[in-house]
Amino acid sequence: TWQGPGASGTDIYSRVIAAGEFEEQPSSEDVSVQLDEDSSHIFIVGDFPFADDDGGSFSTIRIDSINIANGDLLTLDGVDVSEGQEISVDDIAEGKLVFTPAADASGNAYANFTFSVSDGLLYSSTPSAVTLNVVPVVDEPLLAVGPASGDEDTAIALDVSAALTDTDGSESLTLTINSLPLGSVLSDGV
C-alpha cells in the first residue's frame with residue numbers, strides 16, 4: 001500500500017502480490033561421470049541435474065569454468081567449448097556435448113568443469129561441478145622377437161624386445177618365457 005497525491009488530495013493505492021509472482025532461480029548439484037581411457041563421454045541431459053521450485057523448464061547450461069589438461073577436449077558439435085558459453089538442452093540431448101581425454105590419460109578426478117542451469121529466465125545462483133573420472137585401460141605392449149639360429153652346443157643370441165605403449169606409469173611389463181628345448185640353458189649373456 002502506498003499513498004500519493006490525487007485529484008482530491010491524497011489517494012491510497014494498493015496491490016496484492018500473489019505468491020509465485022516472482023521468478024525463482026533454478027538449482028543443480030555436483031555430479032561425477034566415469035569413462036574409460038582412450039574413449040569419449042557423450043553428455044546426456046541427465047548429467048546436469050535440474051530443479052526449479054516454481055516449475056520452470058530446463059533450457060540451457062552455461063559453462064562457468066573448465067579445468068582440463070592439455071590434449072583433452074570438451075567440445076560442442078566438434079568445436080572447443082569456452083568458459084561462459086551457453087549450451088541448449090536440445091544440443092545436449094542431440095549428443096553434441098562431448099569430453100575426450102588425451103590419449104592414454106587416466107585418473108580419478110582427472111578433469112572437471114563447472115556449470116549453471118537455466119530455466120530460460122534465470123541461471124542457478126551457485127555453479128555445480130562435473131568431475132570426470134577416467135578409468136585406466138590396459139594397452140597391449142609391443143613385442144618383437146627376431147629369428148635365432150646357431151650350431152649345437154654353442155650360445156645362440158636371442159633378439160627379444162618388449163615395450164609399453166602406455167608410458168604414463170599406470171602399467172608394468174613382465175616378459176615370461178614359457179618353455180625351452182630340452183637341455184637348453186637360458187642366461188643373460190654372462
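**Close-up views of a predicted protein model**

The protein comprises one helix and 13 strands, where helices (H or I, at least four residues) and strands (E, at least two) are DSSP runs numbered from the N terminus. The model is predicted: local features need pLDDT of at least 70, side-chain atom pairs count only at pLDDT 80 or more, and totals for chains, interfaces and linings use all residues. Residues are numbered from 1 along each chain as its sequence is written, and side-chain values use heavy atoms, with hydrogens and water left out.

**View 1. Overall order of the secondary structure.** Along the sequence, the elements follow the pattern β-β-β-β-β-β-β-β-α-β-β-β-β-β. Of the 190 residues of the protein, 27% count as buried. Buried means under 20% relative accessible area, exposed means over 50%, and partly exposed lies in between (1.4 Å probe, protein chains only). Accessible areas come from the Shrake-Rupley method with a 1.4 Å probe, and for residues only the protein chains shown count as cover.

View 2. In strand E3 (residues 31-36), Val31, Val33 and Leu35 point to one face and are buried. Six bridges pair E3 with strand E11 (residues 128-135) in the parallel sense; two strands pair if DSSP finds at least two bridges between them. Within this pairing, Thr131 in E11 stands opposite Ser32.

**View 3. The open sheet E4-E9-E6-E7.** Four strands form an open sheet in the order E4-E9-E6-E7, with antiparallel pairing. Its edge strands are E4 and strand E7 (79-80), each of which pairs on one side only. Strand E6 (residues 73-76) and E7 run antiparallel and are joined by two bridges. Asp80 in E7 is the residue opposite Thr75.

View 4. E5 is joined to strand E8 (residues 86-88) by three bridges, and the two strands run antiparallel. Seven bridges join E5 to strand E10 (residues 107-118), again in antiparallel fashion. Ile66 stands opposite Phe113 in E10. Thr60, found in strand E5, has Ser88 in E8 as its bridge partner. Thr60 counts as buried because its relative accessible area is 16%. The C-alpha atoms of Thr60 and Asp90 are separated by 8.4 Å, although these residues lie 30 residues apart along the chain.

**View 5. Salt bridges.** A salt bridge is defined as a side-chain nitrogen of Lys or Arg within 4 Å of a carboxyl oxygen of Asp or Glu, and by this rule the count comes to three. Arg62 forms one with Asp64, the closest N and O atoms being 2.7 Å apart. Both residues are partly exposed: the relative accessibility is 25% for Arg62 and 22% for Asp64. Asp91, Glu94 and Lys96 are linked in a network of salt bridges. Asp91 is partly exposed at 21% relative accessibility, as is Lys96 at 24%. Glu94 counts as exposed because its relative accessible area is 55%.

**View 6. A patch of negative charge on the surface.** Glu23, Glu24, Asp53 and Asp54 gather in a patch of negative charge on the surface. Patches are made of residues with over 30% relative accessible area and no salt bridge; like charges are joined within 9 Å, and nonpolar side chains (Val, Leu, Ile, Met, Phe, Trp, Tyr) within 5 Å. Lys and Arg count as positive and Asp and Glu as negative, while His and the chain ends are not counted. The place of a charge is taken as NZ of Lys, CZ of Arg, CG of Asp or CD of Glu. Asp54 lies in the loop between strand E4 (41-42) and strand E5 (60-67). Asp54 is partly exposed, with a relative accessible area of 30%.

**View 7. A nonpolar patch on the surface.** Leu143, Val145, Ile156, Leu158, Val160, Leu175, Ile177, Leu180 and Leu186 form a nonpolar surface patch, together having about 830 Å² of accessible area. One of these residues, Val160, lies in strand E13 (residues 160-163). Val160 is partly exposed, at 37% relative accessibility.
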